[in-house]
Amino acid sequence: MQIQEMRSALASEHAQRGMGEFPSMPAWAVRRIYEKRNGLSLTPFPSGMEVRSARSILATTPRSNAPAKPTVVDDDPNGEKEKLRIRLEAFKLL
């Protein structure tokens, strides 16, 4: 089977699952995904390709020690709560 046929088969599966457009990727990646999904024997990676686990990639990424900044959500952009508070204060004076 040619890479183009594999790519179109994977793209149709991708569309059936409702995942949008099939991403662009090199031929070796398309072949690898097609072989894995169809239970075929896997073709070796191209020479010079480094295979690493996600754990090793995450272990080598630099981490920021800065504390996370809290996000402030403005749940009242028109100031309706403030207007209501002022009205209640005015009613208390009556």
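A: Arg85 is partly exposed, at 43% relative accessibility. Here buried means under 20% relative accessible area, exposed means over 50%, and partly exposed is in between, with a 1.4 Å probe and protein chains only. This is a predicted model, in which local features need pLDDT of at least 70 and side-chain atom pairs count only at pLDDT 80 or more, while totals for chains, interfaces and linings use all residues. Residues are numbered from 1 along each chain as its sequence is written, and side-chain values use heavy atoms, with hydrogens and water left out.

The partner of Arg85 is Glu82: the two form a salt bridge, with the closest N and O atoms 2.5 Å apart. A salt bridge is a side-chain nitrogen of Lys or Arg within 4 Å of a carboxyl oxygen of Asp or Glu. Glu82 is also partly exposed, with a relative accessible area of 39%. Both residues lie in helix H4 (residues 80-93), three residues apart, so about one helical turn separates them. Helices (H or I, at least four residues) and strands (E, at least two) are DSSP runs, numbered from the N terminus.

Helix H4 holds another such pair, as Glu89 and Lys92 are likewise three residues apart there, about one turn of the helix. Their side chains meet in a salt bridge of 3.6 Å, N to O. Glu89 is partly exposed at 39%, whereas Lys92 is exposed at 63%.

The count of salt bridges comes to four. One of them joins the side chains of Glu13 and Arg37 at 3.3 Å, N to O. Glu13 is in helix H1 and Arg37 in helix H2, so this pair ties together parts that are 24 residues apart in sequence. Glu13 has a relative accessible area of 24%, and Arg37 has 39%.

Helix H2 (residues 27-37) also contains Glu35. Glu35 is buried but has no salt bridge, and the nearest side chain of opposite charge, Arg31, is 4.7 Å away. Lys and Arg count as positive and Asp and Glu as negative, with His and the chain ends not counted. The side chain of Glu35 does make a polar contact with the side chain of Thr43, at 2.5 Å. A polar contact is a pair of N or O atoms within 3.5 Å; within protein, one must be able to donate a hydrogen and the other to accept it, and residues adjacent in sequence count only if both atoms are side-chain atoms.

The buried residues of H2 are Ala29, Val30, Arg32, Tyr34 and Glu35, and H1 is included in what covers them. Among these residues, Ala29, Val30 and Tyr34 belong to the largest nonpolar core, which has eight residues in all. Such a core is a set of buried Ala, Val, Leu, Ile, Met, Phe, Trp, Tyr and Cys residues joined through side-chain atoms within 4.5 Å. Helices H1 (3-16) and H2 each give two or more residues to this core.

Over the whole chain there are four helices and zero strands. The radius of gyration is 28 Å, well over the 12 Å of the globule rule for 94 residues, so the protein is more spread out than a compact globule. That radius is taken over C-alpha atoms, and the rule is 2.2 Å times the number of residues to the power 0.38.

Terms used
Contact means heavy atoms within 4.5 Å.
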